[in-house]
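Here are some friendly notes to read alongside the model, written for someone opening it for the first time. Please keep the 3D view open as you go through the points.

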Amino acid sequence: MKIETRTEFDCQIIAIRGSADVNASAFLREALLAIIEGGMTRLICDLTETDFIGSDALGVLITAYLKATGRNGFVKLANPQSHLTEVLETTRLNRLFDVYPDVSSALASA
Amino acid sequence: MTSNPPKTDDMGAWTERVFPTSLAEIRGTERDVLTRLRELAYDEDHLFAVRLSLEEALVNAMRHGNHFDPNRSVRVWYRISPDRVEIRVADEGTGFDPGGVPDPTADENLDKPCGRGIMLMRCYMDKVEFSPRGNEVFMVKHR
């Protein structure tokens, strides 16, 4: 898994590429929490190229969500592909996270 | 480890892997299983479902069963035919009651970072059974 970050307007876009499996979740946690601890609390996770996610990485996204919203920020999800969409629906995490078809619409909602 | 190897029947022999409790060991087993699935031309939906369920079972065995004790082992058996996948995962823990796990999809649990593994296994596999002691899980996915 690789993570690429960029800033657009006042949001941090985090592109998660590859498999967010249990072995990658610690790296994902470190990256997301470092961003939030650094003061950026408006996060958009770009899932366009995320081909797998396990429950550990879901837990990381939730932890980031709780920390960001606790500081009046947010974690939005953008463009999950079919398998990830199914996981979000199965777990009902699509009720917790705002999910958008692409980064642009996530940015527009921010 | 007290678990006995599963019996061989019409599905043929089981492949067995035993490894210490280390998350780094998971990828090798996943890779072997997914390679066999691809050889038999299983589609991407099946590959995703089996990978997810296998990972959840192995993580549960290491975290909740063996409490990440590197001196304890995880044992996996799997066999894959053109018709179905069968996987058995056993740990050296004291077991648990799967019925006692809170529903992670309940509104009050949606923001809990943990507790989704068993639910995902049940959703993505056709059959998920725990041993009476709760330290072994058997999963089946049909084509």
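**Notes on the two chains**

1. α1(B) is followed by B:A41, a residue with a positive phi, near 60 degrees. Please keep in mind throughout that this is a predicted model.

2. Now the helix itself. Helix α1 of chain B covers residues 26-39, and at 1.5 Å a residue its 14 residues should span 20 Å. The C-alpha atoms at its ends are 20 Å apart, which agrees with that expectation.

3. Which residues of α1(B) are buried? They are B:I26, B:T29, B:E30, B:V33 and B:L37. Viewed down the helix axis, the buried residues of α1(B) fall within an arc of 100 degrees, so they line one face of the helix. An α-helix has 3.6 residues a turn, so residues three or four places apart point the same way. On the other side of α1(B) you will find the exposed residues B:G28, B:R31, B:T35, B:R38 and B:E39.

4. What do the buried residues of α1(B) pack against? Their partners come from both chains: α1 of chain A, together with β1 (15-20), α2, β2 (73-80) and β3 (84-90) of chain B. As for its orientation, α1(B) lies across β1, β2 and β3 of chain B and runs at about 0 degrees to β2(B).

5. The sheet comes next. Chain B has an open sheet of five strands in the order β1-β2-β3-β5-β4, with antiparallel pairing. Its edge strands are β1 and β4 of chain B, each of which pairs on one side only. On average, neighbouring strands of this sheet are turned by 15 degrees against each other, direction ignored.

6. For a closer look at one pairing, take β2(B) and β3(B), which are joined in the antiparallel sense over six bridges. B:W77 has B:R88, in β3(B), as its bridge partner.

7. Is helix α3 of chain B mostly covered or mostly open? This helix, residues 117-124, is mostly covered, with six of its eight residues buried. The buried ones are B:G117, B:I118, B:M119, B:L120, B:M121 and B:Y124. Their cover includes α2 and α3 of chain A, along with α2 (44-65), β4 (127-130) and β5 (136-142) of chain B.

8. How many residues does each chain bring to the contact? Chain A brings 19 residues and chain B brings 20 residues. On the side of chain A that touches chain B, the elements giving two or more residues are α1 (22-37), α2 (55-69) and α3 (82-90) of chain A. α2(A) gives the most, with seven residues. Sorted by class, this side of chain A has seven nonpolar, eight polar and four charged residues.

9. Finally, one residue of chain A to look up. A:F74 sits in strand β5 (residues 74-78) of chain A. Why is A:F74 classed as partly exposed? It has 18 other C-beta atoms within 10 Å, and a residue counts as buried at 20 or more and as exposed at 12 or fewer, so this count falls in between. Apart from its neighbours within four places in sequence, A:F74 is in contact with A:R42, A:L43, A:A68 and A:T69. A:A57 is 17 residues from A:F74 in sequence and 17 Å from A:F74 in space, C-alpha to C-alpha.

Note on methods: Residues are numbered from 1 along each chain as its sequence is written. Chains are lettered from A and ligands numbered from 1 in the order in which they are written. This is a predicted model: local features need pLDDT of at least 70, side-chain atom pairs count only at pLDDT 80 or more; totals for chains, interfaces and linings use all residues. Two residues are in contact if their C-beta atoms, placed from the backbone, lie within 7 Å. Helices (H or I, at least four residues) and strands (E, at least two) are DSSP runs, numbered from the N terminus. Ala, Val, Leu, Ile, Met, Phe, Trp, Tyr, Cys and Pro count as nonpolar, Asp, Glu, Lys and Arg as charged, and the others, Gly among them, as polar. The expected span of a helix is 1.5 Å times one less than its number of residues. The arc is that of the directions from the helix axis to the C-beta atoms. Two strands pair if DSSP finds at least two bridges between them. Axes are lines fitted to C-alpha atoms, for helices over the stretch in contact, and angles run from 0 to 180 degrees between N-to-C directions.
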